[in-house]
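Please look over the sequence and the three-dimensional structure shown here before reading on. The briefing after it goes through a few residues by topic.

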Amino acid sequence: TARLALVEFLARNRSADEAIGTLEGYIEKEPDNYVLRFALAKIHEAARKVDDAIATYKAIIERDGTGPNGLTARTRLADLYARLRRFDEARALLAEVLKENPNDQQALVLRGRIAMASGEVPAAISDFRTVLRDQPNSIPLHRLLARAHLLNKEPELARDTLKKAIAINPRDLSVRSDYIRLLASEGKTDEVVSQLEEVLEISPDNLGALESLFKVQAARKDWTAAREVAERIEKKHPDKAMGYYLAGLIDQAEGRLDQSIDNFEKALERSPDAVQPLTQLVKSYLALKRPDDALAYLDKVLEQNPENFVAHNLRGEVLMLKGELEGAGEAFARAIELKPKWPLPYRNLAALRLQQGRTDEAVAVYEKGVEATGENPAMIIGLATLYENTGKIDKAIGLYEDVLVRERDSELAANNLAMLLADYKQDEASLKRARNLIGPLMDKDNAAYQDTVGWVLYRAGDLDGALEHLQRALELAPQAPGLHYHLARVLLDKGDRKGALEHLEKAVTDQARYHGLDEAKKLLKKLKKK
């Protein structure tokens, strides 16, 4: 115990290398002391010396074979492999452990976690249930099983599992949170409110529960109940900004903008650098058509803290609204300088350059922003859209292809890339690529995704499939002009001239902005002549 305490002290107050060296010295004198060997592996992991940690576990396995320490080392090494997503190696080690002890609970839980991460959800459920037979009161296991049931599209079983966990320990807020999230995803707001009130009986000052309760009441537009929650927060946490901020949001919703400003100022008195109260304060001033008052408040904030990047960005937005474009550009540039990884000021500065007709500079701003923000998805979409609007289609396609190399499961990148290929490419290889991309999007309740699926199928000549998905897209977003244009094209090719005309009239509006709008106008004019 004393030696481990010394090693921990060295790791915390000096260096991992010194702690490792000290431990290795102890192990050299006592090679069969597995407590020290496991401690060495733990320090290697903490110091991110992954190869050394793996070597340490392997040395224990070699030394102890299938003894208790050898089996423990296999399980811990499997856990490390799992975190590295080296699942095959992890499974092989766990198989060795379970061969020796089929009821090893740590190995079964880890095997279940790996199965769940690999999409083999029924196998995960089986493992978790096996362990629960021996640990029926384990809250973490109930939570894991509920998560697996959700992945397996069994919400009722997930709900029942979480209910059992709550019955085991009604005061465990982690499982309550899981249950509340599940109820919220199913739209069961009355039950969500009931559960949150139970949480607040257990923990009356729980700020997270109070904030969640506010969000539910605000989503219902029950402003009276929402204000009561905001007042509860003010009473329970008078020194925190939250209650006053939420009260300000209710004031905004009810059109009491002057009162909202008062509440946002009270929030900022308690938390001067808080982002949301300042943002909403400026929003209220602008809604009242008082941009100069917004600027005066922002100047006061910047006088107290010249490095408040949010205030600089907001100042740029207000100046841009007033038409003071040079000053706005300077404000956005300062926000970028202070917070180079924040996407918003790049997007604002690019929009400003576009407004000034300086398209090349807007592209340059986005390109810089994509790199500085670590290829933030919003920045990539903005840059790709700008490339598309300026005719640089291949560059836009290349951007999304790069995203999919890093994130194979990015639905947004797959959707946008498929639509670009369908809109701008006519060759067989591009169409084949687009069809491969839409597979995971086909069952999504997302109007944009359904539109892309339908349009790609239309380009591929599958009119019935295109019709099904485009009709579904319009059910989800009935006012979207671009969807009406796509559906009109399908109907026209199927010989339904009347239906095509009806949808074209909805596709051609003053507000419409989509690729193909000019074609839609020509088509509408042509059909009206017949």
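The model is predicted, and every value below was computed from it. The structure holds 40 salt bridges, and the largest nonpolar core takes in 121 residues.

**Nonpolar cores**

- Within the largest nonpolar core of 121 residues, the members that touch the most other members are Leu278, Leu281 and Leu504. Helix H25, which covers residues 411–424, gives the most to this core, contributing 8 residues.
- Apart from this core lies another one, made up of 38 residues, including Leu93, Met116, Ala124 and Ile125.
- When neighbours within four places in sequence are left aside, Leu281 is in contact with Ile261, Phe264, Glu265, Leu268 and Tyr297.

**A buried histidine**

- His503 belongs to helix H30, which spans residues 497–507, and its relative accessibility is 15%, so His503 counts as buried, the cut-off for buried being under 20%.
- Leaving aside neighbours within four places in sequence, the residues in contact with His503 are Leu474, His484, Leu487, Ala488 and Leu491.

- Arg111 forms a salt bridge with Asp127, and the closest N and O atoms of the two are 2.8 Å apart. Because Arg111 lies in helix H7 (residues 105–117) and Asp127 in helix H8 (residues 121–134), the pair ties together parts that are 16 residues apart in sequence.
- In this pair, Asp127 is buried, with a relative accessible area of 5%, whereas Arg111 is partly exposed, with a relative accessible area of 36%.
- Arg232 and Glu197 also meet through their side chains in a salt bridge, at 3.5 Å from N to O. Arg232 is found in helix H14 (residues 223–236) and Glu197 in helix H12 (residues 189–202), so this pair ties together parts that are 35 residues apart in sequence.
- Arg232 counts as partly exposed at 32% relative accessibility, and Glu197 counts as partly exposed at 30%.

- The side chains of Glu337 and Arg334 meet in a salt bridge, at 3.1 Å from N to O, and both residues lie in helix H20 (residues 325–338), where they are 3 residues apart, about one turn of the helix.
- Glu337 is exposed, with a relative accessible area of 56%, while Arg334 is partly exposed, with a relative accessible area of 26%.

How values were computed:
Residues numbered from 1 in each chain as written. Predicted model: local features only at pLDDT ≥ 70, side-chain atom pairs only at ≥ 80, totals over all residues. Heavy atoms only, no water. Helix = DSSP H or I, 4+ residues; strand = E, 2+ residues; numbered from the N terminus. Buried < 20%, exposed > 50% of the residue type's maximum accessible area, 1.4 Å probe, protein only. Contact = heavy atoms within 4.5 Å. Core = buried A, V, L, I, M, F, W, Y, C linked by side-chain atoms within 4.5 Å. Salt bridge = Lys/Arg side-chain N within 4 Å of Asp/Glu carboxyl O.
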